[in-house]
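The notes below follow the order in which I looked things up.

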Amino acid sequence: MSEPRTVALVTLGCARNDVDSEELAGRLEAAGWTLVPDAADAAVAVVNTCGFVEQAKKDSIDTLLEAADVRDDAATATRAVVAVGCLAERYGQELAGSLPEADAVLGFDSYADLSGHLDAILHGERPASHVPRDRRRLLPLAPAARQRAEPGVPDVPELPADVAPASGPRVVRRRLDGGPWAPLKLASGCDRRCSFCAIPAFRGAFVSRRPSEVLAEARWLAGAGVRELFLVSENSTSYGKDLGDLRLLETLLPELAAVEGVARVRVSYLQPAELRPGLVEALTSTPGVAPYFDLSFQHSSPAVLRRMRRFGGTDDFLGLLETIRARRPEAGVRSNVIVGFPGETEADVAELERFLTAARLDVVGVFGFSPEDGTEAADLDGQVAPEAVAERVARVTALAEELMAQRAEDRVGEVVEVLVEGPADDADPGAGVVGRAAHQGPDVDGVTALPGVQAAPGTLVTARVAGSEGVDLVAEPLSAEPAGAAAGATGGTA
C-alpha cells in the first residue's frame, strides 16, 4: 500500500518566509501532494524555520521538537519531520547533528525537488543534510554584473544549475491563508554588511524580481481576493539597482496600486540611508499606496551606528521624519532598535532615548544585542554584560511603550481607512470587526476596532478614531465600500 502524500507547512519568522512557504506549497501541490493545515493530519510536516536571532532560532527548534513528538504519537498521521528555511540553510549539517529528531535538514537548493525528497523520506531514506556556504559568493559582487548578458533585457541572473535563488525557485504559489492581505516579494538577499547581521551570508546577494513578474503575481493575488499587497524583501530601497534602474520602485508602485481589486499597497523594510527623495514622494503621493515607512534605524547614536557599519544619527533621522510628515502628517512610521551593542555607553542609550522621544514613532521593536555566529559584531571589543543588556532592553522598552501609546492617542479624531480583517469576537457577532488603518502594518503594528460594524473581510471602511489602547485604536465608521466591493476568491494556485 502506498504512503499517503499529505503535507503540512509550518511557517515561522517574517513575511518573506510566508511567501517561501506558499511557493513551496504551490510546487508540492503541482507535484500531487495534498496540503493539510494540521501537522497531525499530514504524513510529512515541513517546518519553515527562522534563523535571524537567538529567540527565533529557539522557537524554530522548539517547533521541530513539537512536530517530532506528534510524529512519534501513534494516534497521528505524521511519519516525518523536515526542516527547511533560514535555520536549515544557515546551519545545515550542524543542525542535523544536534537535532536527530528531524528526519531531514534541507537547504534552499533542495526546494526545486522538494517533492522528490519528501517521497524518499517516506520510503525510509534520509537525504544528505545541507552543507552551508556563503551565498554571497554565488553571484557577482557588483549588482550591475548580475544582469543577463542579453542587451536591453535586464533580468535576474543565470544561476549555476545546482543553485536556487535565496527563497527557492519561483514557479508557482499556493495561498495558505485566505485573508485580505498578502506578502508579495520584491527581491531576495541583501548587499549591506551590517556588522550584527548574518542574513546576507545565508540569503545571498541582492536580486530584484522583474517588474513584470511582480505585477503578474499581484494580479493573481488580487484575483484570489487580496485587497492589500505587502511588498517584502530584505531591503526594499535597493529594488531595481541590479536591473539598472534604482528608481524602479517609484515606477512600479502606481502600476501595483492600479491592479483591479487592490485597495492598498504597502512597502516594508526601508533603509533610512537609501531612502531617496523620489521614493519618499512616491510613498506619500501615489493614490492607493499607504504612507507607511518601515524604517530600519537600529539605533540613533552615530558612534554605535558606525560600529554597526551603518549611517546616520539622531539629527539625520529626525530630519528624514520631518520631510515625510511635511508631506503626509498622518504617515505611519515603525522601526526596530538594538540596545547593548558592543561599545554602547550610557550616553549612547541616552541619545537613543532622545531620538525616540522626539521621533513619535507608531511602533518600536526593542531588541537586546546577541552575538550572531559569523558576524563581525560577535568579536568586537566592548561586549556589554548580559545583565546590562537586559536592563537597557527593559528601560528602552518601557519608554517606547509609553511613547507608542501617546502616538496612538494623538490619532484620536483622525479619519482613517480601515481594511477589515475579521470579527472582533468569533463568539459574539455583535461585537463588530477589527482591521488595520493605513499606518498599521500586518501582525505587528496594532489593529483598529470598529465596534458594532458588520462587514466582510476585505471591506474598506472610512472611520474616525474615537479612542486608543496602547497601539490599538477604536474608530467609528463614516462610510464603507458598497456591498460586494470586497468580494473575491480566497484560494488557488498561481
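**Entry 1: helix α12 against helix α13**

I began with helix α12 (residues 346-359) and helix α13 (residues 386-410), whose axes come within 10 Å and cross at roughly 10°. I noted the crossing of α12 past α13 as right-handed. I then listed the residues that make the contact: E346, V349, A350, L352, E353, L356 and T357 on α12, with R392, R395, V396, L399 and L403 on α13. By class, this α12 and α13 contact comprises seven nonpolar residues, one polar and four charged. I record here that the model is a predicted one.

**Entry 2: helix α9 against helix α11**

I next took helix α9 (residues 277-285) and helix α11 (residues 314-327). Their axes lie 9 Å apart, and the two helices pack at an angle of about 35°. This crossing of α9 past α11 is right-handed. On α9 I found V280, E281, T284 and S285, which meet L320, I324 and R327 of α11. I sorted the residues of this α9 and α11 contact into three nonpolar, two polar and two charged.

**Entry 3: the open sheet**

Which strands form the open sheet, and in what order? I found three, arranged as β6-β9-β10, and the pairing is parallel. At the edges are β6 (181-185) and β10 (264-267), each of which pairs on one side only. From one strand to the next, the twist averages 25°. I then looked at what packs on the sheet: helix α8 (residues 248-257) touches β6, β9 and β10, and its direction makes about 150° with that of β10. Turning to the pairing itself, I counted five bridges between β6 and strand β9 (residues 228-232), which run parallel. Within that pair, L184 stands opposite L231 of β9.

**Entry 4: strand β12 and its partners**

Is strand β12 (residues 332-339) mostly covered or mostly open? I found it mostly covered, with seven of its eight residues buried. On strand β11 (residues 292-294), I saw three bridges to β12, and the two strands run parallel. In this pair, D294 is opposite R334 of β12. β12 is also joined to strand β13 (residues 363-368), here by six bridges, and again the strands run parallel. V337 faces its counterpart V366 in β13. As background, I note that side chains in a regular strand alternate between the two faces of the sheet.

**Entry 5: the closed barrel**

I then traced a closed barrel of five strands, β14-β15-β16-β18-β17, in which the pairing is mixed. The twist here averages 50° from one strand to the next. As an example of its pairing, I looked up strand β15 (residues 433-436) and strand β16 (residues 448-450), which pair in the antiparallel sense over three bridges. V434 stands opposite A449 of β16.

**Entry 6: helix α5 and A120**

In helix α5 (residues 114-122), I listed L114, S115, L118, A120, I121 and L122 as buried. What do the buried residues of α5 pack against? I found β1 (6-11), α1 (15-30), β3 (44-49), β4 (80-85) and β5 (104-105). After α5 comes G124, whose phi is positive, near 90°.

Why does A120 count as buried? Its relative accessible area is 16%, and buried means under 20%. I also looked up A120 and L87, which lie 33 residues apart along the chain; their C-alpha atoms are separated by 22 Å.

**Entry 7: E372**

My last entry concerns E372, which is placed in the loop between β13 and α13. Is E372 buried or exposed? E372 is buried, because its relative accessible area is 3%, and the cut-off for buried is under 20%. Leaving out residues up to four places away in sequence, I found that E372 touches G51, F52, V53, E54, K57, R90, F196 and A378.

Key
Residues numbered from 1 in each chain as written. Predicted model: local features only at pLDDT ≥ 70, side-chain atom pairs only at ≥ 80, totals over all residues. Heavy atoms only, no water. Pairing = 2+ DSSP bridges. Helix = DSSP H or I, 4+ residues; strand = E, 2+ residues; numbered from the N terminus. Axes fitted to C-alpha atoms, helices over the stretch in contact; angles between N-to-C directions. Contact = heavy atoms within 4.5 Å. Left-handed = near helix turned anticlockwise from the far one by under 90°. Nonpolar A, V, L, I, M, F, W, Y, C, P; charged D, E, K, R; others polar. Buried < 20%, exposed > 50% of the residue type's maximum accessible area, 1.4 Å probe, protein only.
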